[in-house]
Amino acid sequence: MKSYKLKLARIILFVFPGVALGTPATYTSGDILMGFRADSEPGSNTSYVINLGPVAALRDATAPINLPLGNLKADLDFTFGSGWRTRTDLFWGVGGTPSNVADVASDPTVTLYGSKVQTSVGTPGTAWSVAGSSTRTSIATVMKGLQDAFPTYQQTANSTKAVLQTNSTDSFDWRAYMATGGDPDKTTGNKDFGAFANIEGLPAQTLSLFRLPNQAQGVYEGYFSISAAGVVTFTPEPSTLTFATWSLTNSPGQTASQDYDNDGLSNGIEFFMGTPGNAPTPSPALVNGTITWPRATGRSISSFGVVISSDLGISDPWHAPTPGPTITTTQVSYSLPNGQGRIFSRLFVTP
């Protein structure tokens, strides 16, 4: 008779303070993510990623929101050290897409969202621009890879919205999507998510949030800040005037695409520019190869942008130009390309 020896393997379970094992993270279509990463220790090999919840709630906000994200400070202290907010090698950013296959909460398919550091609190810089539906589809697919992987990670002990990722072993960690040094398949052209020159800033800085709907041009939605106590606040752009209210006086009974005063500018364009819709307004002139449209503040705008065509859309459909226009908080300008044949350009606005 054979005898057997039963060997007992000793299983050692390592539990790290900040990670709640066995509690999966959650993600719902339409949510948007925020990520933190560091270039040196502590935390150089870790991405800290937070689900901010439905981006539509930020897009439609009318007052500042302190986002209910749990005790982020405890997680940030543990991961990046107690001086995380004053570090100059720690970066945070926001990015994502509601869906690359369907409309979600009034965001058309492949709408993109990306942050951008602000030079001063509440003052956005030049908006992001991603021209072409195929390009936006490719970027949205890349973003969706990060979003689909988010529920495979564990929530941290201090936040049900946050996860920790190990950069060296996780193929869908936040760091892989950030240029330079990220995954080339996720940062095509050495850009964050393959689309944005840099969506990140220092924790002491504020971040603009831009929405890029199916029309390519970015719309400023507001800005993020994070306090030393780890509280993330989103402050929306003040939008006190809607087209419906403006139209009561300026274009009663008409839509944004109509032209109440028959001056060649649609009601929507005049609403965007801040000019009266019930009195003729001269069309912006071409000056030294550039056309500039004024942009009024305090307007509720869904999307806007510039499109071009060589024959007014007859055989050459109106399409977004590359490079695109320059967009600021006060104007939109587009320089016609040199060395080409006849080119027409126009501004479109969807209130």
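**Close-up 1. Buried residues of helix α2 in the predicted model.** Within helix α2, which spans residues 72-80, the buried residues are Leu72, Asp75, Leu76, Thr79 and Phe80. When α2 is seen down its axis, these buried residues fall within an arc of 95°, and they therefore line one face of the helix. An α-helix has 3.6 residues a turn, so residues three or four places apart point the same way. The residue that follows α2 is Gly81, and its phi is positive, near 95°.

**Close-up 2. Buried and exposed residues of helix α4.** Helix α4 covers residues 243-250, and Phe243, Trp246, Ser247 and Asn250 are buried in this helix. Because the buried residues of α4 fall within an arc of 100° when seen down the helix axis, they line one face of the helix. Ala244, Leu248 and Thr249, by contrast, lie on the other side of α4 and are exposed. The packing partner of the buried residues of α4 is helix α5, residues 267-273.

**Close-up 3. Pro325 in the loop between β14 and β15.** Strand β14 comprises residues 303-309 and strand β15 residues 326-327, and Pro325 is found in the loop that lies between these two strands. Pro325 has a relative accessibility of 10%, and it counts as buried because this value is under the 20% cut-off. In the predicted model, the C-alpha atom of Pro325 is separated by 35 Å from that of Ala149, a residue 176 residues apart from Pro325 along the chain.

Terms used. Residues are numbered from 1 along each chain as its sequence is written. This is a predicted model: local features need pLDDT of at least 70, side-chain atom pairs count only at pLDDT 80 or more; totals for chains, interfaces and linings use all residues. Side-chain values use heavy atoms; hydrogens and water are left out. Buried means under 20% relative accessible area, exposed over 50%, partly exposed in between (1.4 Å probe, protein chains only). Helices (H or I, at least four residues) and strands (E, at least two) are DSSP runs, numbered from the N terminus. The arc is that of the directions from the helix axis to the C-beta atoms. Contact means heavy atoms within 4.5 Å.
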